[in-house]
Every structure is written in C-alpha cells, then in structure tokens.
Amino acid sequence: MAEKSGTMKKTNFDLYLEEQLQDPAIAARLKHAGEAWDVALQITALREQAGLSQKDLAKLLKTSAGQTAYCPRCRVVTNLYESVTLRFITGPGGDEKIIESRAYHCEACLIFVRGDEG
Ligand SMILES: [Zn+2]
C-alpha cells in the first residue's frame, strides 16, 4: 500500500506540480485529487484577497465550525482545534482514493480529544 502525505511549501508548488505532472500515474492521481486542491487553492486566494493571515482564517473557520467537546484534562466543554490531513492511498487493485482524516485538539490544553476518518 503506497501512502503519501500531502504537505508542501506554497512557494514551490508550481515547480512541484510541473515535475509531478510529467509522471502519468501522478498526473492521474492529481486529477482525482483535483477537487480537493481546487478548494484549497480557492481558500488561499480568498484569504489573500481578504487580507487575512492563516491564523485569522483558522479562527474564522473554527468559529463557523463550532466544534466543542468535553476535555478530560480541563474537565470542561472547550472549543476544539481541527486539523485535516489528506492521504493518497493506492488499493490492491490499483484504485486510488483520498483519505481525509480530521483530528480535534482541545483549544486550551491542546490534548488530542478525538479523530474522524472517512
Ligand atoms: Zn483541555
């Protein structure tokens, strides 16, 4: 099972994409992932238009998401930080899929509270 985690520097993104697209297998994979990238790129563009820092955006997203949970360490219901990880999985039949996992951490003490995968 091939697994790849998708973090890259924005400044190198164009160069990276150019390189990757020369490999047909990766080009196909990126096509599958296109929707997710479109959203990510749109968010970046909108953020820059609005003059928001990444931190500001995180704050806005966090507020609109409104995720809260009981934190066993703080012993109160707290706001959660959400982090999303995209992984590209190749199944035994060569089928590609994107696994999106979310992790939620307590805003106050930063311990892991829960995670979703789907
Ligand atoms: Zn806590």
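1. **The hairpin of β3 and β4.** The hairpin of β3 and β4 has 5 residues between its strands. One of them deserves a look: in this hairpin, G94 takes a positive phi near 80 degrees. Strand β3 covers residues 76-90 and strand β4 covers residues 96-106. The two pair in the antiparallel sense over 11 bridges. Strands here are DSSP runs of E with at least two residues, helices are runs of H or I with at least four, and both are numbered from the N terminus. Two strands pair if DSSP finds at least two bridges between them.

2. **What you are looking at.** This is a predicted model, where local features need pLDDT of at least 70 and side-chain atom pairs count only at pLDDT 80 or more, while totals for chains, interfaces and linings use all residues. Residues are numbered from 1 along each chain as its sequence is written.

3. **How confident is the model?** The term pLDDT is the predictor's confidence in each residue, from 0 to 100. The mean pLDDT of the protein chain is 74. Of its residues, 64% reach 70 or more. Where is confidence lowest, and where is it highest? It is lowest in strand β1 (residues 3-5), at a mean of 51. It is highest in β2, at 89. Keep that in mind when you look at β1.

4. **The overall layout.** The protein chain has 3 helices and 5 strands. Read from the N terminus, the order is β-α-α-α-β-β-β-β. Of the contacts between residues at least 6 apart in sequence, 46% join residues at least 24 apart. A contact means that two C-beta atoms, placed from the backbone, lie within 7 Å.

5. **Burial.** How much of the protein chain is buried? Buried residues make up 4% of its 118 residues. The cut-offs count other C-beta atoms within 10 Å of a residue's own, with C-beta atoms placed from the backbone: 20 or more is buried, 12 or fewer is exposed, and in between is partly exposed.

6. Pick out two pairs on screen. L86 stands opposite E100 in β4. L80 has C106 in β4 as its bridge partner.

7. **The hairpin of β2 and β3.** Strand β2 (residues 68-71) pairs with β3 in the antiparallel sense over 4 bridges. C71 stands opposite V76 in β3. This hairpin has 4 residues between its strands. R75 is in that turn, with a positive phi of about 60 degrees.

8. **Two residues with a positive phi.** R75 is not a glycine, yet its phi is positive. Most residues other than glycine have a negative phi. R75 is found in the loop between β2 and β3. R75 counts as exposed because 8 other C-beta atoms lie within 10 Å. L110 is not a glycine either, and has a positive phi of about 70 degrees. L110 is in the loop between β4 and β5 (112-117). With 11 other C-beta atoms within 10 Å, L110 is exposed.

9. Y104 is found in strand β4. Why is Y104 called partly exposed? The reason is its count of 19 other C-beta atoms within 10 Å. Leave aside neighbours within four places in sequence. Y104 is then in contact with Q67, A69, L80, Y81, E82, V113, R114 and G115. Take E82: Y104 and E82 are 22 residues apart in sequence, but 4.7 Å apart from C-alpha to C-alpha.

10. **E82.** E82 is found in strand β3. It is partly exposed, because 15 other C-beta atoms lie within 10 Å. G115 is 33 residues from E82 along the chain, and their C-alpha atoms are separated by 9.1 Å.

11. **R114.** R114 is found in strand β5. Is R114 buried or exposed? R114 is exposed, since it has 11 other C-beta atoms within 10 Å. Not counting residues up to four places away in sequence, R114 touches A69 and Y104. R102 lies 12 residues from R114 along the chain, and their C-alpha atoms are 8.5 Å apart.
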